[in-house]
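Subject: A structure for you to look at

Hello,

I am handing over a structure that you have not seen before. Please open it first, and then read on for what was found in it.

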Amino acid sequence: AAIPFWAMNSLGPSRRSWSTLTQDQSATFANGKTRAGCEARPSNLSRQYKAQSGIFPSRKLQLRHLPLFVFSMVTFLYFVIIYIHIGGQNSRASMVRTPVTKATSIEKAHGESLELVHVVQTRFMQHQPVLLQLGQARLDLFETFCLPSMKSQTNKEFLWIIRTDPDLHPSLLSKLISLLRNNQNYILLGSNYNPEGFGRAESDSFGQFLRADSKSPDMSARVLSGNITLVQEAFEKSNEGAILLETRLDADDGLHRDFVKTVQYEARHLKVDGSGLWRIWCINYNIEWHPLNPFPASSEINSTHHEGYLVMYSDPNICVTPGLTFGYGHDAARSSIGARLRHDQITRKITPCTADSKNNTAKAPSKAINVGCFSRLSKLSPGAIRSRTATSAGMDNVITGNESFDQNNKLKIIEKHPNKGLLEKFNKQYFAQDKLWSGLRILFMVSRDQAKTTRHFIVGNMQQIAEDNLKGQCTPGHSCKNGTQSVLKSVSSYLGDE
């Protein structure tokens, strides 16, 4: 029986398998049928006819057109490459959507069809541009904890504005720009100016927001990375009355992957049709990363963990900086909250909210969340990761390695606490490090191997890092606390004597 010529290629059965087919089996593969039920091979005469008629081009005809085809393809690829390098970037930027979330169906049902603008603000090495050991350590912490947690956010509708010193050392700046590349809503500004109330401050304009320094109103910040058009559009939306969320995040800390989604959900369910309404959110539980062992020494707790140590921690007396969020209703100005507040002042100066956010649902819209108060995001546990190292501005809870000095550390004091059950619970965390690291990877996308590399640099250069941090303590915008300076001096002198 004749075999269809189109079935003789490498994708079909081999010649041997075809020879075993019966006439009936061969017939099932054929479109046109011969006496045996299969399509016949084209004869030389039919090939010649099809070649002459253009239906079945001859090999000569194909080769004759090959140079023209190759030239056309090369020309086409050339113009594609030109487009990508010249016009592609601007075209892609113009297509990026401003991260402003629309009103939910619940809000629309209650006449609250307001948009929401969410801005996360981070500072990096402001007024400390040439402290290289400190800068490199903070950059490693940023890459290890801060950046992966922001990239893993389940809700991407936010702007992340990072401000660094305009004169930041080139070695640090180039690495920072490289880390943020290809993220249009991550905006890096060369600026030492830190305004609050994105579009809500009195007499605030976008030009003022983009100042390079508070003392130089006519000098604009350099846009080092990201799409500044997105920031301007969001600024205008906030100014026009969108709900505004402004979150603080230190460059060495990170946020739970559901942080943005959770705080936006709660803000969406505020009753925002009143005058000057606002609310503050704080993280409830956080997890701390320590390069040196914070657990009390014992025969069982004596091994070195090269990736560092994790500790679940909560202080009810303060609102930690990572995740601290100020929310403004549609007509609330920055001044409605009052003077600028440090994170450790909020629990003393602001009334805690009394209503649970679960009460404000579609089924019970009348039971709105309290406003003019602060609440904790208890659904996120832990809600933030905080690195406690010699790079820290406050040095609170930081283990220095100097035992005589560390004995007054809050974590070390637990060893002397009369409640032995508290010490037992604390020590259990030492034996649960694998579980804590696994949770950190899932909730914050933090790599254990990356943490190991970061710890190696920080521990190996701790004296120089502490000395740099001490130099930068009293620069503009930094706390200049006597207690912090005392800790840093202790680290520097202790390690210097070794």
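How much accessible surface does the chain have, and what share of it belongs to carbon and sulfur atoms? The accessible surface comes to about 25,600 Å², and 54% of it belongs to carbon and sulfur atoms. Accessible areas here come from the Shrake-Rupley method with a 1.4 Å probe, and for residues only the protein chains shown count as cover.

Before the details, a word on how to read this. The model is predicted, so local features need pLDDT of at least 70 and side-chain atom pairs count only at pLDDT 80 or more, while totals for chains, interfaces and linings use all residues. Residues are numbered from 1 along each chain as its sequence is written, and side-chain values use heavy atoms, with hydrogens and water left out.

**The chain as a whole**

The secondary structure comes to 18 helices and 15 strands. These are DSSP runs numbered from the N terminus: helices are H or I with at least four residues, strands are E with at least two. Of the 498 residues in the chain, 47% are buried. Buried means under 20% relative accessible area, exposed means over 50%, and partly exposed lies in between (1.4 Å probe, protein chains only). Among the contacts in the chain with a separation of 6 or more, 76% are between residues 24 or more positions apart; a contact means heavy atoms within 4.5 Å.

**A sheet with a helix across it**

Two strands pair if DSSP finds at least two bridges between them. Strand E11 (residues 286-290) and E12 run antiparallel and are joined by five bridges; in this pair, Asn286 stands opposite Tyr313 in E12.

**Salt bridges**

How many salt bridges does a search of the whole structure find? There are twelve, where a salt bridge is a side-chain nitrogen of Lys or Arg within 4 Å of a carboxyl oxygen of Asp or Glu.

Another joins Glu196 and Arg248, at 2.7 Å from N to O. Glu196 lies in the loop between strand E4 (186-190) and helix H8 (206-209) and Arg248 in strand E8 (residues 243-248), so the pair ties together parts that are 52 residues apart in sequence. Glu196 counts as buried at 15% relative accessibility, and Arg248 counts as buried at 19%.

Asp396 and Lys410 form a salt bridge as well, with the closest N and O atoms 3.7 Å apart. Asp396 is in the loop between E15 and helix H12 (403-406), and Lys410 is in helix H13 (residues 410-413), 14 residues apart. Asp396 is partly exposed at 31%, as is Lys410 at 38%. Salt bridges that share partners also join Glu196, Arg248, Arg334 and Arg340 into one network.

**Backbone details**

A cis peptide bond, with omega about 0°, joins Ser381 and Pro382; Pro382 is in the loop between strand E14 (374-377) and E15.

His127, in the loop between strand E2 (116-124) and H6, has a positive phi near 60° without being a glycine. His127 is partly exposed, with a relative accessible area of 23%.

Asn397 is not a glycine either, yet its phi is positive, about 70°. Asn397 sits in the loop between E15 and H12 and is buried at 3% relative accessibility.

Enjoy exploring it!

Best wishes
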